[in-house]
Amino acid sequence: MADENPIELLRPGQILADSAVTDYIKAMGIAIAEAQMQLDINSLRQVGEYAEPRPGLGGKSLLQLGLSPPFYHYQHADLSVSMQIVMKIAEQSAFGIGAKLDLGFEQGGPVAAASAREAQVTVKSLPASVTVDGKKTDSAGTDVEAAAEQLATALRSPAGPFERAFTSTERKPVTAALEPGNAKNPILTPNAVAFIKPAESSAGVIRIEQTPPAGSAGDTFKLATGKETTVAPEANRTLYARKVVQQLNALGGFKARLVNDAGGTSKGPDAPGALGIALFDTDKAVLKKEALSELEITAKAIKDGNLTVNVVGYGDTRASNDYNTKLGQRRANAVAEQLKAYGVVPAKIASVTSGGEDRWKDTPQDTDNLQFRRAEVVLAGSSDLIIVVEDDGTQLQATPTPDKTGGGSGNGFIFAKKFSALPVDGTAVKLGVSATSVAIKKDAVNDSGNVFAEGSPEAFAFNLARDINSTTATHKVRATRSGGVVLLANADDAVVIDLVTLSANNITLEAAGGASLTKPLAGIAAGPTASKDKPKVTAAVGITVDYRKSRQFEQSVNGNSAISARLVAVPAPVEFLDELKQYLGQIPQPRAPQ
């Protein structure tokens, strides 16, 4: 049965009457009356204090001394109520319920420092593509890792809509073996095949403890006959070490480098003195392929030099110190385990600890500073700077100077060794459960900017990686080359692209081919990787309802009210005071002290 008086048919006067404006005014008036009553009660409660005889006043009360309790009274009060009533009626041919949700983000700190929404794309095979707001980006590269990194670059601001886009790979052990089994070059380690320079070579490690005293000639470094230079003091140890590297390289025949020195740039892995360094993606403790390649070399130096090292992990400054300490420990653990996988005896890793974020507290902050997310391999018990010297056509003499290989303090060589020629004697790598053989080839390479001499470690690695990827369907393994190292991964190992945006704009994200959208773009609360200034999120919900005869009705009431009142103090009534004084006069008064 239809309503006898549907609301959409009411006249404005009827709606106003139903809005109960009189009730609002009545409630405000009663509030004034209740306030007046409470003021009167408060004044009456003070009477007892004014009537109390006080020994310090000769036994008289405040009332007898002419004081009286004040009474307060609302002299006048103005009440005002204003209302605005809006009624909308619309005809519609369909029946349904609709809703709209709007989210707003209010950032408490630097905008780039807190996560708002995240998505995740997983790349498992090639070809793969990602489409953002109708714009399609096809992956490039010969392997899944390179393709995923290229997609991340395209999605990352300013090219794409995401402030953060970083990749990570969870690798499972690859089944692999060398042919013949006793081959010495290349070296097969878990998930990697590393080719060593086949010709005779030499290498040394120079320790720099301090810059020589001001005014002295400095240190004289002799690497071989006719290869000698004296390096004068500098303002500090780091500048001196860089000067040593510069003058050794100027001799010719050698390559010298201050380990992990980026010259002070904010983005580089600037860690002079570290034997090895691994950089990590945000909130990750998974080793990147560049880190695997560097740790391979670091492990060899530890083994050849019989060195003892410490591993220290760090986090950046965008989460709590407690969280970064735990994250730094996970990163240090990952590096230590990889060193062991490369043949470092566990006893040679003295400690595996976390440095949290303390190291960067006084460093000018970059909201996304890559060098803070790291783990370092350093000599145990030493903070010295390390210079690595390798031959580049000239061999190191048996004992280069200054010679500190037998111990003692001061700048000089703490390690020097000549390596015999180690020709590549491996003929193939057997991969997967099928033990499919992929031949090892020494052919020279000239391919799209990759130019490597025949028989060089880079040529061996390039040819092997190419042939592994061309036969992946058979053995289910894929490869990535980094220098003379071939990194192995199972074909079903996925590379994950994590995407983060602070924008509240609609972003349409799709993936196709070997890429899939494994986590759609959605709102998230600020977590451990977000800034200490968490974003505030507000939600506004609007609902429209279609009802009865396909009509939409919407009514809203907006208004405000105000009370202005003047409060004045008035003396107590004269009759009231007279009665009090008469009563007090009948009470015996205490005698004043003599």
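What follows is a walk through this structure, from the whole chain down to single residues.

The model is predicted, so local features need pLDDT of at least 70 and side-chain atom pairs count only at pLDDT 80 or more, while totals for chains, interfaces and linings use all residues. Residues are numbered from 1 along each chain as its sequence is written, and side-chain values use heavy atoms, with hydrogens and water left out.

Let's take the big picture to begin with. The protein's secondary structure comes to nine helices and 28 strands; helices (H or I, at least four residues) and strands (E, at least two) are DSSP runs, numbered from the N terminus. Of its 594 residues, 38% count as buried, where buried means under 20% relative accessible area, exposed over 50% and partly exposed in between, with a 1.4 Å probe and protein chains only.

Now zoom in on helix 4, residues 237-251. Its 15 residues reach 22 Å from the first C-alpha to the last, close to the 21 Å expected at 1.5 Å a residue; the expected span is 1.5 Å times one less than the number of residues. The buried residues of helix 4 include Tyr240, Val244, Leu248 and Leu251. What do the buried residues of helix 4 pack against? Their partners are strand 9 (201-208), strand 10 (219-224), strand 11 (227-231), strand 12 (254-258) and strand 17 (385-391).

On to the rings. A search of the whole structure finds two aromatic pairs; rings of Phe, Tyr and Trp (its six-membered ring) pair if their centres lie within 6.5 Å, and planes under 30 degrees apart count as stacked, over 60 as edge-to-face and the rest as tilted. Phenylalanine 195 and phenylalanine 460 have ring centres 5.3 Å apart and planes at 10°, so this pair is stacked. It links distant parts of the chain: phenylalanine 195 sits in the loop between strand 8 (192-194) and strand 9, and phenylalanine 460 in helix 7 (residues 457-470), 265 residues apart. Phenylalanine 195 is buried at 7% relative accessible area, and phenylalanine 460 is buried at 8%. In the other pair, the rings of phenylalanine 452 and phenylalanine 462 have centres 6.4 Å apart and planes at 55°, so they are tilted. Phenylalanine 452 lies in strand 22 (residues 450-452) and phenylalanine 462 in helix 7, so this pair ties together parts that are ten residues apart in sequence. Phenylalanine 452 is buried at 17% and phenylalanine 462 at 14%.

What about helix 7 itself? Its 14 residues reach 20 Å from the first C-alpha to the last, close to the 20 Å expected. Ten of the 14 are buried, so the helix is largely enclosed by the rest of the structure.

A few backbone details are worth a stop. The peptide bond from leucine 126 to proline 127 is cis, with omega near 0°, and proline 127 lies in strand 3 (residues 117-132). Another cis bond runs from asparagine 185 to proline 186, with omega near 10°; proline 186 is in the loop between strand 6 (176-179) and strand 7 (187-189). Alanine 435 has a positive phi near 50°, and this residue is partly exposed at 39% relative accessible area. Serine 448 also has a positive phi, near 45°. Serine 448 sits in the loop between strand 21 (445-447) and strand 22 and is exposed, with a relative accessible area of 75%.

Definitions and conventions: Contact means heavy atoms within 4.5 Å.
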